[in-house]
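Here is a short briefing to read with the model open beside you. Have a look at the fold and then at the place where the chains meet.

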Amino acid sequence: MTPAPDPSIDALLAAARAQFAAELPAKAAKVEALVALGAWDEARRAAHRLRGSAGTYGFVELGASAGAVEDLLLESAGVPDGDGRARLEEQLRRLADLAGQAQGEAR
Amino acid sequence: MPSWKILVVDDDPDIRRIAALSLERIGGFRVVLADGAQEALAAAAAGVPDLVLLDVTMPGMDGPETLRALRERPETAQVPVVFFTATSNDADVDRLRALGAVEVISKPFDIAELPRRVRDILGRATVNSAE
């Protein structure tokens, strides 16, 4: 039997989404900082997490951007250079932009 | 009817939070959360869940290793395990099913759909165990 809809669920989900959105710039900055440090594995894991969580909270485009960062790190076998590095930095800028937009929309 | 107990294992607190909201508030399940393999195994030992939602990529023991550990314990050997994964393609799904997962759910997931999928899986598992 399916339980009756809980009228408070929408408010709870909205609050969870707003909290997640508020933290997005910090999450994007963390990925960027890990890349800058050359902590490739940790950067890939942080991007992987964001890929899974952002879309679930409704930030589909941001999740796809995080997925692109993860894929670029996977393709480069951990140490991007040359064109790979340039594409990674472009995608990191996009991720940061989307995180800022999401935070602004959720305010 | 007592509600089913779902053990959600994920190292990402954002996923644990939204999965708990979805399963508890929309699905009416009881939910136990674990942030990794050790906490999951301890939680399963303290009270056997009806189903485990298990992240594939976790630091330390990953999802497949955790599944193996659950299968080695008599009390959790038969508990249905569903993998959560953010990087699923057909080959990944086949590989994860071959490890013994009853289902593979891709992240991002639909928070309204998740309880329905879990209920379907539990329904199938109940029928199979009765046969």
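In chain A, residues 24 or more positions apart account for 61% of the contacts that have a separation of 6 or more. Please keep in mind that this is a predicted model.

**Fold of chain A**

- Chain A contains 4 helices and 0 strands, and along the sequence the pattern reads α-α-α-α.
- The C-alpha trace of chain A spans about 55 × 35 × 20 Å along its principal axes.
- Of the 107 residues in chain A, 43% count as buried.

**Helix H4 of chain A**

- Helix H4 of chain A covers residues 83-106, which is 24 residues.
- From its first C-alpha to its last, H4(A) reaches 35 Å, close to the 34 Å expected at 1.5 Å a residue.
- Which residues of H4(A) are buried? They are A:Gly84, A:Leu88, A:Gln91, A:Leu92, A:Leu95, A:Leu98, A:Ala99 and A:Ala102.
- The buried residues of H4(A) pack against H1, H2 and helix H3 (60-75) of chain A.

- The size of an interface is often given as the accessible area lost when the parts come together.
- For chain A and chain B, the buried area is about 1900 Å², with 59% of it on carbon and sulfur atoms.
- On the chain A side, A:His48, A:Arg49 and A:Thr56 lose the most area to chain B, and together they make up 28% of what that side buries.
- The contact draws 21 residues from chain A and 20 residues from chain B.

**Polar and charged pairs across the interface**

- How many salt bridges does the rule find across the interface of chain A and chain B? There are 2.
- In a salt bridge, the side chains of A:Lys27 and B:Asp14 meet at 2.7 Å, N to O.

**Make-up of the chain A side**

- Helix H1 (9-37) and helix H2 (40-56) of chain A are the elements that give two or more residues to the side touching chain B.
- H1(A) supplies the largest share of that side, 8 residues.
- By type, the residues of the chain A side divide into 8 nonpolar, 7 polar and 6 charged.

Note on methods:
Residues are numbered from 1 along each chain as its sequence is written. Chains are lettered from A and ligands numbered from 1 in the order in which they are written. This is a predicted model: local features need pLDDT of at least 70, side-chain atom pairs count only at pLDDT 80 or more; totals for chains, interfaces and linings use all residues. Side-chain values use heavy atoms; hydrogens and water are left out. Contact means heavy atoms within 4.5 Å. Buried area is the accessible area (1.4 Å probe) that two parts lose on being put together, summed over both. A salt bridge is a side-chain nitrogen of Lys or Arg within 4 Å of a carboxyl oxygen of Asp or Glu. Ala, Val, Leu, Ile, Met, Phe, Trp, Tyr, Cys and Pro count as nonpolar, Asp, Glu, Lys and Arg as charged, and the others, Gly among them, as polar. The expected span of a helix is 1.5 Å times one less than its number of residues. Buried means under 20% relative accessible area, exposed over 50%, partly exposed in between (1.4 Å probe, protein chains only).
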